[in-house]
Amino acid sequence: MTLALLSDVGGTNIRFALCRDDGPLQALAEIVADDCPSFEDAAQHYLGETEVDLVAVAVAGPVTNGRAVMTNRDWIIKESSIADALGVKWVRLLNDFEAQALALPCLDDQNLSPVDKAFRPEARAPKVVLGPGTGFGAAALLPAPGGGWLPVCGEAGHMTLAAANEAEAVLLAGLRQEFGHVSVERIVSGGGLVLLYSVLSGERKAVSDPAEVTARATAGDPLAIAVMGHFTRFLAAAAADLALVFAAKGGVYLSGGILPRLGVHLDPAAYLDRFTDKGRFRDYLSAIPSAVVTHPAPALAGLAAVAFR
C-alpha cells in the first residue's frame, strides 16, 4: 500500500500526518517551526525510521515551479530538496489555502459551524475559503467541466484594508503612518489582534499574543471586546470582497488557526451586518452563507486528495 506524508507548514507551527491510499489521516502531529532549522529537518524528525512513497506539502506563501517562499518565516521550501532529503520521487508543493480549497467538497455538517442559522450553499457553485492565522490566506474553488473542481489561489492577505466608517478611517490612518501600506493581514491575523489591542490601549506592548486578547475578552475586558468587534468586521469585509469577486454562491468557508478559538467572540450579527454592507448588492450577499471550518486539519485533507488523485 502507498504511504503518503502530508504536511501543512504555517508561520508558527508545522502539522504532519500519514495517509494510506486515500484513507483516513493517521498519526497527526504538530511541531513548532522555531524548533527546526528547516522543513526537511522537521519532516525527518516526525518520520523517524518510517519510509514514505509520496510527499504533499501545503505552505503559507506563494508556490512557483515547485518552490515556495514563506511569507511569515525565513524559509524557502523546494520539491527537489524534499525529494533528496526523504528519498522519494513524487513531491508536490501547494499554497496552504489551495490545499484547504481542495478539501471543501469533503466537508460535512460535522466539520462546519454556520455563522447564521443554516449553511445551505449551492452544490455546484464557486466556493471561497479564507482565514487568519499567523498571516491571512484565501483561495477559491471553481466548478470545472466534467464534474471536477479547480482551485484558484493568490495572496489575498496583502489586499489593502479599507475603512467603512469614520472610526475605522481614523484607526487605519494611524496605522498607515507607521506601516505605510495597511493590508488585510496586518489586522485580520493573530498579530492583528495584538496590534489592535495595543493601538486602542495606547500602549504598544499591552499584550504579547492573540490568546491573551481572547482571554481578556472572555474575562469581560471592554477594550478586548472592542478589539474582537473590529476584528470580526474587518474579517467580514474581506470575506464579502472575495465572495463578490468569485460569485461564491457555493459558500464562504472561514478557516485558519485563529477563528475556531474565538468562539462567542466571533459575533454573528456583527459579521453578517458587515458582510452584506455592499449597497445595491446587499441582497446578493445575503444569499451567500458563511460557516467556520471546524475540521482539525483541512489543509491535510486537501493534500490527501492531491496525493492520491
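Arg216 is partly exposed, with a relative accessibility of 28%, where partly exposed covers the range between buried, under 20% relative accessible area, and exposed, over 50%, for a 1.4 Å probe and protein chains only. This is a predicted model in which local features need pLDDT of at least 70 and side-chain atom pairs count only at pLDDT 80 or more, while totals for chains, interfaces and linings use all residues. Residues are numbered from 1 along each chain as its sequence is written, and side-chain values use heavy atoms, with hydrogens and water left out.

The side chain of Arg216 meets that of Glu212 in a salt bridge, at 2.9 Å from N to O, a salt bridge being a side-chain nitrogen of Lys or Arg within 4 Å of a carboxyl oxygen of Asp or Glu. Because Arg216 and Glu212 lie four residues apart in helix H7 (residues 210-218), about one helical turn separates them; helices (H or I, at least four residues) and strands (E, at least two) are DSSP runs, numbered from the N terminus. Glu212 is likewise partly exposed, at 23% relative accessibility.

The structure holds six salt bridges, and side chains of opposite charge can pair when their charged atoms come close. Arg73 counts as buried at 16% relative accessibility, but Asp34 is exposed, with a relative accessible area of 62%.

Another salt bridge is formed by Lys278 and Asp241, whose closest N and O atoms are 2.5 Å apart. Here too the pair links distant parts of the chain, 37 residues apart, with Lys278 in the loop between helix H10 (268-275) and helix H11 (282-286) and Asp241 in helix H8. Lys278 is partly exposed at 29%, as is Asp241 at 33%.

Leaving aside neighbours within four places in sequence, Phe275 is in contact (heavy atoms within 4.5 Å) with Ala236, Ala239, Ala240, Ala243, Val252, Leu285, Ile288 and Ser290.
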